[in-house]
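Welcome to this short tour! Open your viewer, have the selection tool ready, and follow along one stop at a time.

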Amino acid sequence: MTDPTHAQTHDQSQPQARAVRLGPRSVGALVLVSAIGVIAFGWPLFADADSGLSAHEQDAPWLFAALLVLLVGVVAATVSESGLGPKAVAMLGVLAATGAALRPIGAGTAGIEPMFFLMVLSGRVLGPGFGFVLGAVTMFASALLTGGVGPWMPFQMLSLCWFTMGAGLLPGPDRLRGRGEVLMLAAYGFVASFGYGLIMNLWGWPFLLGALPPGMARDPDGTLAQNLVHFVAYYLATSLGWDLGRAAVTVVLTLALGPALLKALRRATRRAAFEATVTFEAPDRS
């Protein structure tokens with residue numbers, strides 16, 4: 001008869017399986033995608049009056065196309081380096097479909113977006129590489145499901161990529177278990193929910209130049225510090241409440257469902273044996 005205490009200790013001592021291991025090519029692709037994202041989000045704080053705001057609006061479809069190409073590069077790099085097999089692809093599809101289905105539940109209602117807690121838990125169990133790809137696929141699928149396809153979609157995809165990947169970069173994936181891990185994930189979900197909303201506000205803020213009071217609107221002639229103050233005032237006045245709702249829902253669902261879902265995800269990962277090495281033995285001719 002198996003001792004449950006021994007089994008639990010043995011389970012916690014095992015290295016956590018990852019659907020995607022980040023190698024040099026994978027890291028390079030992720031850094032490239034993230035660099036494009038930083039430029040795409042951050043340009044309003046640095047661009048001068050001669051930069052041409054209207055040109056940025058026309059760049060969104062091109063950014064979307066470039067993002068898709070680079071995400072394919074991320075997947076190709078991880079396949080060649082760590083072998084993203086059919087089981088990992090199936091797991092990606094199931095989680096992305098679940099996240100896409102969860103998003104419309106509270107769409108348009110005080111930031112109630114339950115898919116974010118699933119991204120936190122999935123990124124934690126399956127790793128930053130898988131989390132990055134999962135974030136992009138989930139947002140793309142949810143946009144198609146809700147009809148939310150537009151110039152904002154590439155920015156949403158990048159933001160959710162970072163959100164999910166960040167959960168995979170949290171410390172102690174092979175050691176920290178139990179209540180401490182759930183509390184850490186809840187804290188991350190709380191902070192990252194505000195981070196997601198904060199950077200998403202950057203993409204549309206410049207286009208509200210004539211609709212905002214001077215203390216909130218982007219000043220093309222202003223300094224970085226001035227525009228940063230204006231943006232923070234804009235965020236606090238327009239989006240803080242919405243992001244608070246997202247953060248609260250993420251924390252509540254992580255605390256309530258996190259232990260069971262983490263266990264289920266880890267069990268599925270072990271059974272899928274993402275990292276199992278396939279060997280072929282010569283037939284016995286004796």
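Let's start with a term: helices (H or I, at least four residues) and strands (E, at least two) are DSSP runs, numbered from the N terminus. Colour the chain by these elements, and from the N terminus on you will read α-α-α-α-α-α-α-α-α-α. That is ten helices and zero strands.

Before you click further, note that this is a predicted model, where local features need pLDDT of at least 70, side-chain atom pairs count only at pLDDT 80 or more, and totals for chains, interfaces and linings use all residues. Residues are numbered from 1 along each chain as its sequence is written, and side-chain values use heavy atoms, leaving out hydrogens and water.

**First stop: helix α6**

Select residues 128–146, which form helix α6, and pick out Thr138 within it. Is Thr138 buried or exposed? Buried means under 20% relative accessible area, exposed over 50%, and partly exposed in between (1.4 Å probe, protein chains only). Thr138 counts as buried, because its relative accessibility is 0%.

Now show what surrounds Thr138. With contact meaning heavy atoms within 4.5 Å, and neighbours within four places in sequence set aside, Thr138 touches Leu95, Ala96, Gly99, Ala100, Met115, Met119 and Leu160.

**Second stop: helix α8**

Next, select residues 179–204, helix α8, and find Arg179 there. Arg179 has a relative accessible area of 68%, so this residue is exposed.

**Last stop: the whole chain**
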